[in-house]
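Please walk through the model below, domain by domain and sheet by sheet. The text starts with one chain, turns to the contact between chains, and ends with the other chain.

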Amino acid sequence: MSILVDENTKLVVQGVTGREGQFHTLRNRAYGTNVVAGVTPGKAGQDVEGIPVFNTVRDAVEATGANTSMIFVPPRFATDAIYESLDAGIDLTIAITEGIPAHDMMRVYTHLQRSNQRLLGPNCPGAISPGKATVGIMPTDVFTPGRVGIVSRSGTLTYQISKEIGDLGIGQSTVVGIGGDPIVGSSFIDTLQMFEADPETDLVVMVGEIGGDEEEKAGEFIAANMKTPVVGYIAGFQAPPGKQMGHAGAIITGSSGTAQGKKDALEALGVRVGTNPTEVAEIVADTLK
Amino acid sequence: MDLFEYQGKQLFAKYGLAVPSGEVADTPEQAKAAAEAIGGTVVVKAQVQVGGRGKAGGIKLAKDPDEAYAEADNILGMDIKGHVVKRLWIEAASDIKKEYYASVTFDRSAKKPLVMLSAMGGMDIEAVAEEHPEALARLHVDPLVGFQPHHARWLIYHADIDEPAQKGVLDALTKAYEAFIGLEATLIEINPLIWTADDRVVALDAKVSIDNNALYRHPDLEALKESVTDDEQERMAHERGVTYVKLDGDVGIMGNGAGIVMSSLDVVALAGGRPANFLDAGGGSNAEAVATALEVLLSDPKVKSLMINIFGGITRCDEVAEGLLTALDKLGATLPIVVRLDGTAAEAGRAIIAERAPANVVVEPTMLSAAKRAVELAKEAS
């Protein structure tokens, strides 16, 4: 097993005919992901190297049985694209788009709570179950099949940590980028819960950063509900308060959301936290011994 | 984006929220003219984005235009906790009966707007929340339902707002919520919201933060961005579309991706150094992006060495290396530069640097060793 994406994924790509959308769609297919459809309004009947294009997500779902959507449309159209995917009954929507306004996401999130559907992102690199399927923009070469799950708010840091543990001969079950925005559809807890239920995940690495309190909440969840060991990493110890560090969500507000606060909270709850990616990999190897 | 008080008050007025009449002044002469136009006693207020302006002497009463001139002359150029006062807000003085606190914030933990009201205004609200939690009424709003009058009533009764001021506070809360939604703000804070001697309710301060991601829908607010950035490198980075934050150290840092750059800053600090900045050259860092980023970094005279940390995914390390060479050729930088390349085409990238880069560019195999080297080189250079 693995979580979120695998050989049962039937992917529809919203924004498939754009430059980025097309590039990553074809990369995902080349890795082995079952890409069944694309959507671009007004371009029904066309195809992208054999992938049929539809006008709407509902049309794509009816014709192909797509169960997962990847969103590649620009920020000003992306909120609508998320609602369209949810309304078409897609089980898992993965929004890659960076720059969706926070007020839009408050409403999307509230709407999402009324269904059993999942949203990953926005502003996320997607998810990969090595050897099975990838949906998103992750560089697939970095990952090898294995039994460590990774969940992260950052893309590049995930690749870095995956490579470091890969260098120690350890592969991944699924790697999940939940996104760097202040409000994202799936939290650390949502993802940890799935990893806990996955018999093929023996350990989870949680990669957090400054801003918000999702890492602290995850710590409490881990202490109360998880048998699978979790190793933590937090980025942003040097970040000054009030400054957005690249990600819209990476900002210390007043005295809350600091890296030290998160590290202390996790350690107090029994989660080991590495001070740099290399040390995280060493703790993973040590824990798995 | 955090706005200045005067910008917040001008926006409040657009939403029908009562504010004292006032004008902006950049010189003592303008302050005097503003005081004449407003009439009576005025308050001269330093426009800086830092708390404790009053204690630092940045807020003064002036009984007439000449006094306004003198106070303005005194406050302009003043350094308040590292912020130099360049602009003043001159407004009519208010006759205060009582100070309240009101805010609408974007509560990212609850993922909903949070409206707060207290009869203990005018002081640090975090301290009120800590010492008198019962005095701070808090209410989350379903963003798909919006702020209803009964929400306002609940807050007013629970915050124990004085009866003659209740109607005015209800109106102020409603307008503040409208401003929060209309401006796509992440914070609307009014501290104090005052009850005046003539029973009006007026916003005496304004703290407004706007979601950067929403600015494309608010061109009028986008135009304010220029006025809120006063650091040279931050302004330069903004113009070039580079994500940059200035820090106070001497090791310049650049990488691709917010997470890896944050991590690079931390690793430099662990190696005993002090990062000079955060700079994310972006996911698809091509040669041009590298050159642009370097230009911003090299324009900061504090920077003594550079650490370039690239993990190639979709970004190719050989392209980054080429970009670096092109940029160095153009900019002629001589300070030590430590490069760490990993991931896609890393070997090709390292080979390009080994063969063709000038002697001030060195390659290190890991993030940790690159950070150590950059820190050593910065120390040697200072």
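Chain B is divided by its domain assignment into domain 1 (21-92), domain 2 (96-222) and domain 3 (231-381); such bounds come from an automatic or database domain assignment. The model is a predicted one, in which local features need pLDDT of at least 70 and side-chain atom pairs count only at pLDDT 80 or more, while totals for chains, interfaces and linings use all residues. Residues are numbered from 1 along each chain as its sequence is written, chains are lettered from A and ligands numbered from 1 in the order in which they are written, and side-chain values use heavy atoms, with hydrogens and water left out.

The centres of domain 2 and domain 3 of chain B, taken over C-alpha atoms, are 43 Å apart. Along the principal axes, the C-alpha atoms of chain B fill a box of roughly 80 × 50 × 40 Å. Chain B holds 14 helices and 18 strands; helices (H or I, at least four residues) and strands (E, at least two) are DSSP runs, numbered from the N terminus. Of its 382 residues, 55% count as buried, where buried means under 20% relative accessible area, exposed over 50%, and partly exposed in between (1.4 Å probe, protein chains only). Among contacts in chain B (heavy atoms within 4.5 Å) between residues at least 6 apart in sequence, 68% join residues at least 24 apart.

In chain B, four strands form an open sheet in the order β1-β6-β2-β3, with antiparallel pairing. Two strands are taken to pair if DSSP finds at least two bridges between them. At the edges are β1 (22-25) and β3 (59-62) of chain B, each pairing on one side only. Neighbouring strands in this sheet are turned by 20° against each other on average, direction ignored. Axes here are lines fitted to C-alpha atoms, for helices over the stretch in contact, and angles run from 0 to 180 degrees between N-to-C directions.

Strand β2 (residues 42-46) of chain B is joined to the antiparallel β3(B) by four bridges, and Val44(B) stands opposite Lys60(B) in β3(B). Two helices lie across β1, β2 and β6 of chain B. Helix α1 (residues 5-14) of chain B runs at about 45° to β6(B), whereas helix α2 (residues 28-38) of chain B runs at about 170° to β1(B).

Elsewhere in chain B, His151(B) sits in helix α5 (residues 149-159). His151(B) is buried, with a relative accessible area of 12%. Leaving aside residues up to four places away in sequence, His151(B) touches Leu139(B) and Gly146(B).

How many residues of chain B are in contact with chain A? There are 45, and they meet 60 residues of chain A. The area buried between the two chains is about 4,200 Å², of which carbon and sulfur atoms give 62%; buried area is the accessible area (1.4 Å probe) that two parts lose on being put together, summed over both. Arg108(B), Lys111(B) and Met262(B) supply 18% of the area that chain B buries against chain A, more than any other three residues.

In chain A, helix α2 (residues 57-64) has Val57(A), Ala60(A), Val61(A) and Thr64(A) as its buried residues. Seen down the axis of α2(A), these fall within an arc of 100°, so they line one face of the helix; the arc is that of the directions from the helix axis to the C-beta atoms. On the other side of α2(A), Glu62(A) and Ala63(A) are exposed. The cover over the buried residues of α2(A) includes β1 (11-14), β2 (35-39), β4 (51-54) and α3 (75-87) of chain A. Gly65(A), which follows α2(A), has a positive phi near 70°.

Chain A also has an open sheet of seven strands in the order β9-β8-β11-β10-β12-β13-β14, with mixed pairing. Its edge strands, β9 and β14 (272-274) of chain A, each have a single partner strand, so one side of each is left without a neighbour in the sheet. Helix α5 (residues 155-167) of chain A packs on this sheet, and its direction makes about 150° with that of β10(A). Helix α6 (residues 188-197) of chain A also packs on the sheet, at about 165° to β10(A).

Within this sheet, β8(A) is joined to strand β9 (residues 133-136) of chain A by four antiparallel bridges, and Ile128(A) stands opposite Thr134(A). The hairpin of β8(A) and β9(A) has three residues between the strands, and Gly131(A) takes a positive phi near 85° there.
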